[in-house]
Amino acid sequence: MTDANVVLGFLDPGNFLGGRVALDARAAHDAVERIARQLGTTAIAAAEGISKGVNTNMAEGIRIVSVRRGVDPRRFTLVAFGGAAGLHVTEVARLLEIRRVVIPNVAAVLSAWGMLATDLRYELVRSHVSGVSRMTPATLRQLLQRMETEGRARLGGFSGPIAVRRSLDMRYGEQIFEIGVPIDGVDLDAHDVIEEIVKRFHRRHEELYAYSAPGQEVVIVNARVAVIGKLPELRAESERAATAGPVTSVRRRAYLGEWTEIPVYKLDGLPTGWQVKGAAIFESPTTTVLIRENERASVTTHGWLEVELA
């Protein structure tokens with residue numbers, strides 16, 4: 001894909017990673033040319049086909065986790081992450097009929113940022129098929145305590161606050177599926193803890209399926225414990241003050257159905273509120289963004305790009 005983006009003129013081989021790495025444009029053309037010969041077409045047509053194939057594949061991946069689950073992606077904004085996402089995100093959005101795209105200025109490391117902003121979490125599951133009539137409070141308490149101890153040990157030397165979430169997968173005796181029942185807040189030392197958990201199961205079943213069956217046997221299938229090491233919140237990006245300095249650009253040939261000269265802007269130097277209508281390219285040391293004809297990009301107060309599709 002990188003080879004195709006070089007051939008199409010979207011990437012500057014001499015300015016990759018802010019100029020710290022030089023791409024071999026000749027090797028990129030040779031790689032695409034080999035594919036073109038196999039297909040009996042030109043290198044530029046092969047590069048365009050590679051790009052369209054990748055965009056379609058990404059759009060289909062989003063459909064799998066949205067449309068096929070009953071969610072209409074047209075109601076949402078598409079956020080780009082990854083260093084190469086900015087070259088593809090508007091075309092992916094167009095395939096999904098999404099009208100708004102956001103490209104963070106930290107897009108290249110957005111996954112890593114998300115990892116650093118996410119609590120440490122270990123989830124443990126133990127199968128323990130048993131009718132509640134045969135489960136004693138001591139047995140349940142010991143099972144959950146062992147799981148919590150194991151989860152805390154997996155956090156190693158973590159010294160921050162730790163939260164514990166407990167739940168049970170339960171079902172009526174004749175059912176072939178179970179539902180998760182949170183038991184946080186239940187006093188595990190109480191003599192009537194089993195009865196309280198059964199009441200929670202009935203309530204949860206009625207919430208989900210509009211009925212419960214208190215007369216039927218209730219079965220505990222799995223015990224679940226999540227041990228969570230709470231990390232401090234990352235400081236939010238501060239908003240930038242609006243500036244009104246001049247915006248400069250250079251021009252580069254890119255293939256957008258035909259070869260054309262389009263402006264190339266330094267993404268990090270654009271003032272808040274600045275807008276431009278595509279086609280245009282934006283470059284930073286970690287990412288390149290392409291907007292096509294009739295797409296309009298504006299710079300947010302955090303230095304992100306917000307793109308409206310026609």
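**Note on a predicted model**

1. Setting aside neighbours within four places in sequence, Arg 292 is in contact with Phe 10, Glu 91, Arg 94, Leu 256, Gly 278 and Ala 279 (contact: heavy atoms within 4.5 Å). Arg 292 sits in the loop between β11 (288–291) and β12 (296–299); helices (H or I, at least four residues) and strands (E, at least two) are DSSP runs, numbered from the N terminus. With a relative accessible area of 18%, Arg 292 is buried (buried is under 20%, exposed over 50%, partly exposed in between, using a 1.4 Å probe and protein chains only).

2. The model is predicted: local features need pLDDT of at least 70 and side-chain atom pairs count only at pLDDT 80 or more, while totals for chains, interfaces and linings use all residues. Residues are numbered from 1 along each chain as its sequence is written, and side-chain values use heavy atoms, with hydrogens and water left out.

3. An open sheet of five strands runs in the order β1-β2-β13-β12-β9, with mixed pairing; two strands pair if DSSP finds at least two bridges between them. The edges are β1 and β9 (275–277), each with a single partner strand, so one side of each has no neighbour in the sheet. β2 (residues 100–103) and β13 (residues 305–308) are antiparallel and share four bridges. Val 101 has Val 307 in β13 as its bridge partner.

4. The largest pocket has a volume of about 270 Å³. Its lining has 18 residues, of which Leu 11, Phe 16, Gly 83, Thr 286 and Thr 287 are the closest to its centre. On a 1 Å grid over the protein atoms alone, a pocket is an open set of points where a 1.4 Å probe fits, with protein on both sides within 12 Å along at least five of seven lines, and lining residues have an atom within 4 Å of a point. Points are joined across faces, edges and corners, and the volume is the space filled by probe spheres set on them.

5. The second largest pocket has a volume of about 230 Å³. Among its 13 lining residues, Met 58, Phe 81, Ala 85, Val 89 and Val 92 are the closest to its centre. The largest share of this lining, three residues, comes from α3.

6. Asp 72 lies in the loop between α3 and β1 and is partly exposed, with a relative accessible area of 26%. The side chain of Asp 72 reaches the backbone nitrogen of Arg 74 at 3.0 Å. The C-alpha atoms of Asp 72 and Ile 98 are separated by 9.6 Å, the two residues being 26 residues apart along the chain.

Notes: A polar contact is a pair of N or O atoms within 3.5 Å; within protein, one must be able to donate a hydrogen and the other to accept it, and residues adjacent in sequence count only if both atoms are side-chain atoms.
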